[in-house]
Amino acid sequence: MSDEFENQYELYEGSVQPETEEPELPQQPPQSSGVRDPENANPVDRFLFDKKGGEAANYTGDEESERDYRPIRQSHEYRSGCLGGMMYFLFIICLSVVLACLGWMAASDVLALNKKDITTTITLPVSIFETETVVKYDENHNPIGTERVTHADVDYIADALKDAGLIEYKWLFKVFCQLSHADTKVAPGEYELKSSYDYRALIQHMTPFSGGALTVKVTFPEGLNMRQMFLLLEENGVSKYDDLMAAAADYKFNYDFLDELAVGDPSRLEGYLFPNTYEFYVNMQPASAINKFLETYYYSFDEEMQQQLEASGRDMREIVIIASMIEKEAANDEERPLIASVIYNRLSTGMPLGIDATILYIHPEHEGAPTAEMLAEDSPYNTRDRIGLPPTPICNPGLASLKAALNPATTNYYYYALDTETGTHRFFTNINEFNAFVATQNYEG
């Protein structure tokens, strides 16, 4: 170290004062933002100048440096976030479009929009329906009884509608059926449906009395027995014979004239299937079809007839049995009270009725007069041998025969025989007159 430098150092060291407040330095003018002359810059600015490769640092100088005018580069994270946001936005837009299209397609099917004009027939067979007994509850959820509820196979219905071109989406229709409980509303039958029907209208047109069900008119003349009537219903597509017989045996119909008749035997309804012309639904529920006959019988047996029944001293079943025999024997309305008088006269004296139509009832396939073998049978329907009424009606009588059974003529007749020439009956008071007339007739032809 030179002598000159050491003297300066000592001079500086000696000038340091003990702890006193530093004098306030005058404010310096702001340094410039750049170094215009690196040779004359202070060591710090010179160092930064060299470090940045000649770029001016914002430490000294009166003018702004070129760095203040250069664009600032965005970070990589910022650019990635923008791209992700754009992609998410596009995804939401695409998803919304897809959902809107699906929603429109579903709505078009549910509301039957823009469909081709189609009219077709759908059949709901009885086999796709099941009936169960469910418990009924009051407002407080206390059991108050039971009821029978019938459910349809919605899968079968959806398939049928899809195959017919009435719906597009079976899954959607089944969801609609589940929400609307459609399985308990539709009924067996044959229905005419249109593609213009929405889901709700399709279900409504597959219910009883909807106007969509196909119907058929069937006429039942007086004197047919239950078996013949049920076969006629099956021939016209109303219900199956076996299903009708099962309903006749087991279904509980709400009519007081059936209350005393045991469930389990279809013959309990014999005589109460009132003959008339009826309009039925095709593939109708058997019990509903039978109920048409019973309802007509109920309203046909009016208050006056009820009073006559009470005055007769007989019950409803006996009157119907007598009326059924009158129906099978009478050739015209004028004969009915006369035949009724013969029946009552014989019953009162304990004579067998001797009406061959009763034995023919248990031989439905036989045509013509009963054979000798039939008349020799030991059967409660053999009224040539048994005294009293047969166990059931032998046919379903009309109103005229019912009235004749309630209002028989007052006569002394105990016999009648067919006049083959006129097709009417002759009536007799004794066996001799009867036999003499029968000898003049040829009943074999």
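The model is predicted, so local features need pLDDT of at least 70 and side-chain atom pairs count only at pLDDT 80 or more, while totals for chains, interfaces and linings use all residues. Residues are numbered from 1 along each chain as its sequence is written, and side-chain values use heavy atoms, with hydrogens and water left out.

**Overall picture**

- The protein has 16 helices and eight strands; helices (H or I, at least four residues) and strands (E, at least two) are DSSP runs, numbered from the N terminus.
- Of the 445 residues in the protein, 36% are buried; buried means under 20% relative accessible area, exposed means over 50%, and partly exposed is in between, with a 1.4 Å probe and protein chains only.
- Among contacts with a separation of 6 or more, 59% join residues 24 or more positions apart; a contact means heavy atoms within 4.5 Å.

**Two helix pairs**

- Two packed helices are described by the angle between their axes and the distance between the axes.
- Axes are lines fitted to C-alpha atoms, for helices over the stretch in contact, and angles run from 0 to 180 degrees between N-to-C directions.
- Helix α11 (residues 316-329) packs against helix α15 (residues 399-406) at an angle of about 120 degrees, and their axes are 8 Å apart.
- The two helices α11 and α15 are therefore oblique to each other; angles under 35 degrees count as roughly parallel, over 145 as roughly antiparallel, 65 to 115 as roughly perpendicular and the rest as oblique.
- On the α11 side, I319, V320, I322, A323, I326 and E327 meet S401, L402, A404, A405 and L406 of α15.
- The residues of this contact between α11 and α15 comprise nine nonpolar, one polar and one charged; Ala, Val, Leu, Ile, Met, Phe, Trp, Tyr, Cys and Pro count as nonpolar, Asp, Glu, Lys and Arg as charged, and the others, Gly among them, as polar.
- Helix α7 (residues 226-235) and helix α8 (residues 241-250) cross at roughly 135 degrees, and their axes come within 8 Å.
- That angle makes α7 oblique to α8.
- From α7, M226, R227, F230, L231, L233 and E234 make the contact with Y241, L244, M245 and A248 of α8.
- In the contact of α7 with α8, eight residues are nonpolar, none is polar and two are charged.

**Nonpolar cores**

- A nonpolar core is a set of buried Ala, Val, Leu, Ile, Met, Phe, Trp, Tyr and Cys residues joined through side-chain atoms within 4.5 Å.
- Which members of the largest core, with its 90 residues, touch the most other members? They are L161, F230, F280, I290 and L294.
- Helix α11 gives the largest share of this core, eight residues.
- Beyond its neighbours within four places in sequence, L161 is in contact with I122, L166, I167, F173, L193, L202 and M206.
- A second, separate core has five residues, including Y415, F428, F434 and F437.

**Two loop residues**

- G354 sits in the loop between α12 (336-349) and α13 (357-361), and G354 is partly exposed at a relative accessible area of 36%.
- Although 29 residues separate G354 and T383 in sequence, they are 4.9 Å apart in space, C-alpha to C-alpha.
- L111 is found in the loop between α3 (76-110) and β1 (119-124), and L111 is partly exposed at 48% relative accessibility.
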